[in-house]
Amino acid sequence: MKFLTFKGGTHPPTYKEPTANLSVEKAIDPSVVVIPMQQHIGAPCEPIVKVGDYVKVGQKVGEAKGFVSVPVHASVSGEVKAVQMMLSASGTEVLSVVIESDGRNEIDPSISPKGDIGSLDPKEIIEIIKEGGIVGMGGATFPTHVKLSPPPGKKLDTIILNGAECEPYLTADHRIMLESPDEIVYGLKVIMKAVQAEKAYIGIENNKPDAIEAMKKAVANEKDIEVVSLETKYPQGAEKQLITACTQRVVPSGGLPMDVGVLVNNVATAAQIAKTIKTGMPLIERITTVSGKAIKTPKNLLIKVGTPMKDIIEQCGGYSEKPGKIIMGGPMMGMAQQGVEVPLTKGSSGVLLFTEQQAKFPERSNCIRCAKCVSVCPVYLQPLFISKYSENDAMDHAEKYRALDCIECGSCSYVCPAKIPLLQNIRVAKRSIADKKRKQAK
Amino acid sequence: MEERLVVSSSPHILGEDTTSKMMLDVIIALLPATIAAMFYFRSSAAFIVALAIITAVLAEAVVQKIRKQPVTIKDLSAVVTGLLLALNLPASAPWWIPVVGSAFAIIIVKQIFGGIGQNFMNPALAARIMMTISWPEQMTRWVAPGVDSVSAATPLSFVKDATAVPGNAPELMDMLFGNIAGSMGETSAILLVLGGLYLVYRGVISIKIPAIYIGTVAVATLLYSGFDFYFMTYHLLGGSLMIGAFYMATDYASGCVTPKGRMIFAFGCGVLTTVIRLFGGYPEGVGFSILIMNSMTPFIDRFTSPKVYGEVQRQDA
């Protein structure tokens, strides 16, 4: 059988065994949640509750400001204890609403089913998705309603659901495909209706045959939805690479998937859309994979947004040995954390605990021009040159070598035998080029 | 919870490949040919190999000590250079030939340009060519395999200025297994190919460069001789084509980095090798060809930059 794929990429070990076969467990309710006002790419929310307020589950606590923004909601019922700047997983301080749970999980009266696909028109669907605070749950957290609202003249004809889950360790999407395939398909059909697309693909890496099987069964009666097996390769789940693998279309440099008529959503996002339509409950919980050598009992947990990371670690039996690095997200693109107080958010696909040994930096040596970085780059850059120009502060050259096209997947750094921090250097170049452009624009 | 956590930029996992592991693979790949050289040329071969490697490693360590740089002999690249150089020498070479060659390769060609990865020419090859020009007598005193060191001609000298293989030339079978005169490591074509295939299997080199290089020489000699397959095979198995194609044209530092560039590089090596062998003053052209192409790599790389993903005409509605 031929598996769909893209050119380039690499094959890091998947490390998925510890959690791939573990059913999703409901996490113990946190006693306190910290709800950051910014859990998405775009403008932060403005808090609409104050200290002392009593809030219920699903109640809006932050109102979206601007188009690229979604509201945030309370994930527990209880009293608002603080509205203040707090450290977030992004490494910066974000205005957050702290709620002390009363343990009753009282549901906000406004939460009620929104009808079904047939009775909703596209506009209503997009509004429900926005008000439901739904963002891309693969980790990028781009507000979903924005994707569903292409500017006039752009027609979306194809939807791709991303079930690739190419990041090592993570199995949250794998589990949701096994445990809620019908919800995913329902959500997908909602998306298709919202943008009036005729065709949809659900792309899954071939290292999850059970998920492929489950999704195929769920779409057995859907003639417009096709489950496709993708070659297991990193970064198979990167948006543009996924589009190329499924449709052979190529998103223009600097462009968006909508430029080729495609919309990509994560499978978990689709399942959330189904849930919000069917029950009215906004995005207040998600599945997170807790794994890594330094955690005692790896798990797939259904966690409430705002749960402090330390609660989750405790629930997984604590450390098996002293952790050296804690990552929010996957090991290829996730963020290393300074501490365990930070709350989990809508984008927390994983919490990975590495041992001190795993956290060590290998010694760096000279570039030997082996060009492995060139052969793995999924956007066909030459990372060795961009990195070198970046280190020598020759940003004009870095720009000529198309630093801005880097999708930051980390494949180059991963394969480099000389252990040069290629991606890190490219990021520096990208930031510097963007700064320069901003200054020029002024 | 009071932990000291590492906060670094992604990716948080790195591959197992290291420079020294890749160098070790090259050494492993060269072992069969090295052992064959010792079998055919006895103790003088072992002596030259040892001298070349020891000199290369020492030269690297000393230069780095003098320049107060970290000593990087553990990356094994100096061992590879020493070994490659030794295999490029005749078994009859006096002791100072491997010593001078290795020192030149490491100090002049490699370290002066900044050490590993910075040299624009293959150090072992540059040393061989330098010495061939400086001491042609010592560098081309070819001997037949065996203990007696009877001087003999290399296969390529039989086909120099010829369009067919003369009757008194060595047998193809001997050339395949290495029972011929020549520099120590270029004699056994089959063992060199075997090692080369190991490097392909290990992902250290891509088969493209040797395949295109050897293929180009094959086609060119075939055309030149009017489709004389015997003549073609003679050119493929004789001289340093195999060691050059698998171990020197594939050298990372002095070769191209773009996929297309590497193909052009290999093709250029093939054309130049054939031209020098058939029309030049030397019976052998591999060394010169690779060095000439080495000097062109920045140029080739620049003009073969891969098209970035999505670098297409924007189809704005």
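Predicted model: local features only at pLDDT ≥ 70, side-chain atom pairs only at ≥ 80, totals over all residues.
User: Which residue of chain B forms a salt bridge with R402(A)?
Analyst: Residues are numbered from 1 along each chain as its sequence is written; chains are lettered from A and ligands numbered from 1 in the order in which they are written. A salt bridge is a side-chain nitrogen of Lys or Arg within 4 Å of a carboxyl oxygen of Asp or Glu. The closest N and O atoms are 3.6 Å apart, and the partner of R402(A) is E311(B).

User: How many salt bridges does the rule find across the interface of chain A and chain B?
Analyst: In this interface, 68 residues of chain A are in contact (heavy atoms within 4.5 Å) with 45 residues of chain B. Across it the rule finds salt bridges numbering two.

User: Which three residues supply 15% of the area that chain A buries against chain B?
Analyst: Buried area is the accessible area (1.4 Å probe) that two parts lose on being put together, summed over both. Between the chains it is about 4500 Å², with 58% from carbon and sulfur atoms. On the chain A side, 15% comes from three residues, more than from any other three: I368(A), R369(A) and Y380(A).

User: Why does K233(A) count as buried?
Analyst: K233(A) is found in the loop between strand 11 (225-230) and helix 7 (239-247) of chain A; helices (H or I, at least four residues) and strands (E, at least two) are DSSP runs, numbered from the N terminus. K233(A) touches T5(A), F6(A), G8(A), G9(A), T10(A), H11(A), C166(A) and E205(A), not counting residues up to four places away in sequence. Buried means under 20% relative accessible area, exposed over 50%, partly exposed in between (1.4 Å probe, protein chains only). K233(A) counts as buried because its relative accessibility is 9%.

User: How many of the eight residues of helix 4 of chain A are buried?
Analyst: Helix 4 spans residues 172-179 and is mostly covered. The buried ones are A172(A), D173(A), H174(A), R175(A), I176(A) and M177(A). Of eight residues, the buried number is six.

User: At which residue does helix 3 of chain B bend?
Analyst: The buried residues of helix 3 include I97(B), G101(B) and A105(B). Their cover includes helix 1, helix 2 (77-87), helix 4 (123-134) and helix 5 (136-139) of chain B. A bend is the angle between axes fitted to the seven residues ending at a residue and the seven starting there. Helix 3 (residues 96-111) bends by about 25° at F104(B).

User: What is the relative accessibility of T154(B)?
Analyst: An unreviewed UniProt entry annotates T154(B) as "modified residue: FMN phosphoryl threonine"; such annotations use the numbering here, have shortened feature names, and may be inferred rather than shown by experiment. T154(B) sits in the loop between helix 5 and helix 6 (155-159) of chain B. T154(B) touches W142(B), A181(B) and G182(B), not counting residues up to four places away in sequence. T154(B) counts as buried, with a relative accessibility of 11%.

Methods
Heavy atoms only, no water.
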